[in-house]
Amino acid sequence: MTKKAERTTAYIIETVAPIFNKHGYIGTSMSDLTEATGLTKGAIYGNFENKEALALSAFEHNRSLLLQEIDNKLEIGVGAFDKLFSLLSFYKQYDVFTLPLGGCPILNVGVDAQGNNKLLAAAVKETIKEIEGKIALVLENGAKKNEIRLPVPPLQFAKQLFTMIQGAVAMSTMTQDRKYLVNTITYLEHLVKQELKK
């Protein structure tokens, strides 16, 4: 692939990612994509096999932005508490972070893809597992260093924590009320302190 072709492909993905995320796989039309990119249908499909391949690339683009930000937050501080509170602090502002992405890629694509796109649904499931794994690793390392007390196995705690975070994201998105997000994360900060303190 030439440098120009690579640039065109990257431009298409970056431009259409928020559209697919906001309107869903079925809800995004070819005219939405040509209008946003300023390219013809032929030019878009010259870079992608079909709409499904483009939608998957769009999700992977948003996914990598999200995972990069989560990694950044989990690198902050030395101990497990620092890292967990850094992550929770990020999720307090999650609606602001996801605005340019067209909303939460996990929630939007995950719900939209369930009945109509197995590849996208599988990619979302994989992303959820990856995030839970990252949280579990912080917990495991914290327990090994004797910084925290884990009441359940690390992955179980990570799954419960992430479920509550995503639940808050869903409620906040559906009601258009960010208090669901802020109040739930504030509660989770209290819960993490209470549950994990030695």
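I worked on a predicted model, where local features need pLDDT of at least 70, side-chain atom pairs count only at pLDDT 80 or more, and totals for chains, interfaces and linings use all residues. Residues are numbered from 1 along each chain as its sequence is written, and side-chain values use heavy atoms, with hydrogens and water left out.

Entry 1, α7 and α8. I looked up helix α7 (residues 105-113) and helix α8 (residues 118-144); their axes come within 8 Å and cross at roughly 140°. That makes α7 oblique to α8 (under 35 degrees is roughly parallel, over 145 roughly antiparallel, 65 to 115 roughly perpendicular, the rest oblique). On the α7 side I found Ile106, Val109, Gly110 and Ala113 in contact with Leu120, Ala121, Val124, Thr127, Ile128 and Ile131 of α8 (contact means heavy atoms within 4.5 Å). I sorted this contact by class and got eight nonpolar, two polar and no charged residues (Ala, Val, Leu, Ile, Met, Phe, Trp, Tyr, Cys and Pro count as nonpolar, Asp, Glu, Lys and Arg as charged, the others, Gly among them, as polar).

Seven of the nine residues of α7 are buried, so α7 is largely enclosed by the rest of the structure (buried means under 20% relative accessible area, with a 1.4 Å probe and protein chains only). I listed the buried ones as Pro105, Ile106, Leu107, Asn108, Val109, Gly110 and Ala113. They pack against α1 (3-27), α4, α6, α8 and α9.

In α5, I noted Ala80, Lys83, Leu84, Ser86, Leu87, Leu88, Phe90 and Tyr91 as buried. These residues pack against α4 (51-74), α6 (94-98), α8, α9 (154-175) and α10 (179-196).

How values were computed
Axes are lines fitted to C-alpha atoms, for helices over the stretch in contact, and angles run from 0 to 180 degrees between N-to-C directions. Helices (H or I, at least four residues) and strands (E, at least two) are DSSP runs, numbered from the N terminus. Buried means under 20% relative accessible area, exposed over 50%, partly exposed in between (1.4 Å probe, protein chains only).
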